[in-house]
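Please keep the sequence and the structure in view while reading.

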Amino acid sequence: MTSETREIIHDQHAHPTNRFYIVIGGILILLTVLEILGYVGETRGVFSQGTAALVIGVLSAAKFFAVVAYYMHLKFDSRIFTGIFLFPAMLGTLVIVGLYMAQQILPRWGASLGF
Amino acid sequence: MASTATVAAPHPAAVPATETGIWSWITTVDHKRIGILYGVTSIFFFLVGGLEALLIRTQLIRPENKFLSADVFNQMFTMHALTMIFLALMPLTAAFFNYMVPLQIGARDVAFPRLNALSYWIYLFGGIYLLASSILKIAPNVGWYAYAPLTERPYNPGPNVDFYVLGLQIVGLSSIIASLNFIITIINLRAPGMRLMRMPLFTWMVLITNVLIVTALAVFTIAVTQLMFDRMFGTAFFDPARGSDPLIWQHIFWMFGHPEVYILIIPIFGIISEIIPTFSRKPLFGYNVMVFASILIGWLGWGVWSHHMFTVGLGPIADSFFALSTMLIAIPTGIKIFNWIGTMWGGAIRFTTAMLFAISFIAMFTVGGISGVMHSAAPADLQQNDTYFIVAHIHYVFFGGTVLGLFAGTYYWFPKVTGRLMSEKLGWAHFALTMVGMNLAFFPMHFLGLFGMPRRVFTYEYGLGFEGMNLLSTLGAYLIGVGTIVFVVNLVLSARRGALAGPNPWGAATLEWSIPSPPPVYNFREIPVVRSRMPLWEGDPARDGGIPHGRVEEETEQVTIAGTKIGEIHDPEEGENKMSTHDHGIHLPPPSYWPIVTAFGILLVFGALIFRNAEGALYNLWYLSLMGVGIVVVGIYSWAFEPGH
Amino acid sequence: MSTANAAVHAAHPGHLDTSTGLDSRKMAFWTFIGSECLLFGSLIATYLANKGKSTVGPYPHEMVVDGKHVEGILNIPLTSFSTFILLMSSVAMVLALNYTQRGIRSKATLWLFLTAFGGSIFLGCQVYEFTHFWHEGLTLQTNLFGSTFYLLTGFHGAHVTVGVIYLLTLTTLSARGRIGPEKALNVEIAGLYWHFVDVIWIVIFPLVYLIK
């Protein structure tokens, strides 16, 4: 994909070609199928719940970055936009992780440490 | 929307004249007029919030007082906080943002003038909506933090909490819209040559504040939406009977609530950083460090929320983490204090009213900061939490910090807005009354807290040892009240009869002082080209004019540790500002009434939901909120296709 | 600075006299998206914090309650289908933008319409899902799962609805020839919105549906 990306950046119109977008779309579908397979595998007992969660999480993160980088053009656009997006996205993640830690994980840790 | 219509050629004679009349104010999209509207409205709400405080203090003047009932007292302390935070102080900072930021960066307006008008009208309607509840004596009565499950319908069946939820939803929306606008204005509309690290420090602080608003208020919007669903549609978000942990509300609320504290104080850091150099006749000491310290405060502000919750039993892991992260914040804040002192050191200080307020800000805010560090130690906080000690702390921070800073800013920029100076005599009286009053009102609260007087009690018994301190505190509050009346009188008199100011009465360094006072509708006849942080203090004329250190930024003091310059970063723009120096002529957007229409629609959408919980025929009025949705849709479409924008 | 930006520069030279050389509207939209990250972030945070804390059924996934096996209520095949459709509509969106920028009006209009159409199918699936759950006895009031699930996915659905209306408006304008290449930014911003809604679903789908 690197060569293709480079070709696009040197493209006079500066916009990726339709073919490129369709390839990305295909990759997104593929990753989604893998996610669903992860779910099915977990239901059938092929992997543990934790493994499935990890695999699905990584796959969806990959999808997230693919859409943001290519469809929302952050890869080709000014880095200022990337900053404007990533800062709140990180804060959003902090809110999710913070609340999840406080409500679901820390109570368990506390219990296991005997507090 | 980004483009503006050309209504006039750059030829001075063809510049549009200032329009007058109520309609011109309703449809205005001029940032200066919107700034004035914000200012007047928020000073009105400041007086309302002050009145609420006086009622609270009057009730507490002696033990077992019967001046207010317990219920009204609950409403008053809740509304005092809501009015002051959301309707007075935040919008008053927004008034400064509106008026001053485009002038400081050399722009003719904000990036989205109509959006600016929209945020003002939403704020006004939301403010009136909240205020109406206290006039009807059905105001929110659960504290501004509105802890669940007290806010759930079974425990609070009246409309009080509904007003909290809906009113803050409306006001919060206004803040988010406004801050989108300011962020883009600051990033994108700087005059040619004004790099990020050449921006006046106030503009920097506005940028950081608005980034916090746009993120933190989004969190709050969700918190109140969930509470709204609990109350209007019977969901289970904060209902312990259905398995929910009410602590979730506290977590989300303080995830917003702590950045909110910085939203209220960071703009003041900016105001102080403008005033102190001006009246010390010296460039700000450690500009870069100031910028980074503020960015750091903004970041750390997101990682300390649970220090408001030490007493709920989060366990030692969480408590230690949040105690440490809270103590860390003292470092960048302390850096700022020393930078301001360093700026004054060796300067030619002029003790104008603005400067007096600025200096007293440093002292009072430090007192509040020190008690803040005391709270950050979790074991100590277990003793202090929910006592008057906390009340003392937040008032030293909000009053000693935010309010004093806003007073300073008002004295400083009033001549720019009206063209007339405020009376220094009345200013002195205001300053003296305020300083004596605030210390008399808030310092005894430290002792009350340590003696064990809980917060939010509507009365106390004889013989507990609280009488003397409460009496002092109430007298102090009255003094503040008198001082504020002097301030308002000064505002009104000076606006009409004050001495004419001229463009730069204080000999200040930033761009807003390069244009006439009050500024013409187009601000800058020619867009300035900026070469340093202090455009008006450049070169020999400034040096001959008595500025002892009139140097451009290349020469300003750097903090040096072991021979390495600290606080200098690679400029993100690599020295570039792409704004061209070519002037395309004066473009001013035409006035529009769609902002006020859309704002009214938004008021209906949320405001009418109050009738969901009403009995009988009133219940049907909640369908007005669907009508509101219709108005908003019509507003948005008319807005998008409005000619001339 | 990318060349994409240079192309936009050439398209509207007069409007881009800004400090960063970037369009203010686009930047405002990114900032808005940033704010939306926090809105959805908080909703997802509450969903996860309340996960597994419902005191009564229906539950999202199959589980054992009091020694009895209880079926989960979520319909994974249906939602996988609607996820697929939403992804496809994102592909349609980038194609629509590409054709708008090149000035090929008919194709731009077609792909804009197809994007909106995909969004409508997604919404149709969600309406079906919600009514189905309703009949199964899961309402907003039933339990914590009901409250958090309906608010999170409903808030996302509301965004999709706004997006469909937005796209249909653009389709109409494009069909009337009012969006030429010089106004491609309008489509680009709509695209940013649409992809963002898609990205949020990329996060919600695994967190709510796939991870137990």
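## Where chains C and A meet

In this predicted model, 45 residues of chain C are in contact with 47 residues of chain A, two residues being in contact if their C-beta atoms, placed from the backbone, lie within 7 Å. On the side of chain C that touches chain A, at least two residues each are supplied by α1 (3-11), α2 (24-49), α3 (76-102) and α6 (184-210) of chain C, and the largest share, 15 residues, comes from α2(C). Helices (H or I, at least four residues) and strands (E, at least two) are DSSP runs, numbered from the N terminus.

By class, this side of chain C has 28 nonpolar, 15 polar and two charged residues, where Ala, Val, Leu, Ile, Met, Phe, Trp, Tyr, Cys and Pro count as nonpolar, Asp, Glu, Lys and Arg as charged, and the others, Gly among them, as polar.

Chain A comprises four helices and zero strands, in the order α-α-α-α along the sequence. Of its 115 residues, 34% count as buried, that is, with 20 or more other C-beta atoms within 10 Å of their own C-beta atom, placed from the backbone.

Eleven residues of chain A are in contact with twelve residues of chain B, and the side of chain A that touches chain B has nine nonpolar, two polar and no charged residues.

## The interior of chain B

Helix α5 (residues 160-188) of chain B has 29 residues and reaches 42 Å from its first C-alpha to its last, close to the 42 Å expected at 1.5 Å a residue, a span taken as 1.5 Å times one less than the number of residues. Because 29 of the 29 residues of α5(B) are buried, this helix is largely enclosed by the rest of the structure.

The largest nonpolar core has 296 residues, of which B:Val219 and B:Ala408 touch the most other members; such a core is a set of buried Ala, Val, Leu, Ile, Met, Phe, Trp, Tyr and Cys residues joined through C-beta atoms within 7 Å. Not counting residues up to four places away in sequence, B:Ala408 touches B:Ile271, B:Ile272, B:Ile275, B:Ala354, B:Phe357, B:Ala358 and B:Phe361.

## Confidence and conventions

The mean pLDDT of chain B (the predictor's confidence in each residue, from 0 to 100) is 89, and 90% of its residues reach 70 or more. However, pLDDT stays under 50 over residues 1-15 of chain B and over residues 566-575 of chain B. Where pLDDT is low, the predicted coordinates should not be read in detail.

Residues are numbered from 1 along each chain as its sequence is written, while chains are lettered from A and ligands numbered from 1 in the order in which they are written. As the model is predicted, local features need pLDDT of at least 70 and side-chain atom pairs count only at pLDDT 80 or more, whereas totals for chains, interfaces and linings use all residues.

Methods: Buried ≥ 20, exposed ≤ 12 C-beta atoms within 10 Å, placed from the backbone.
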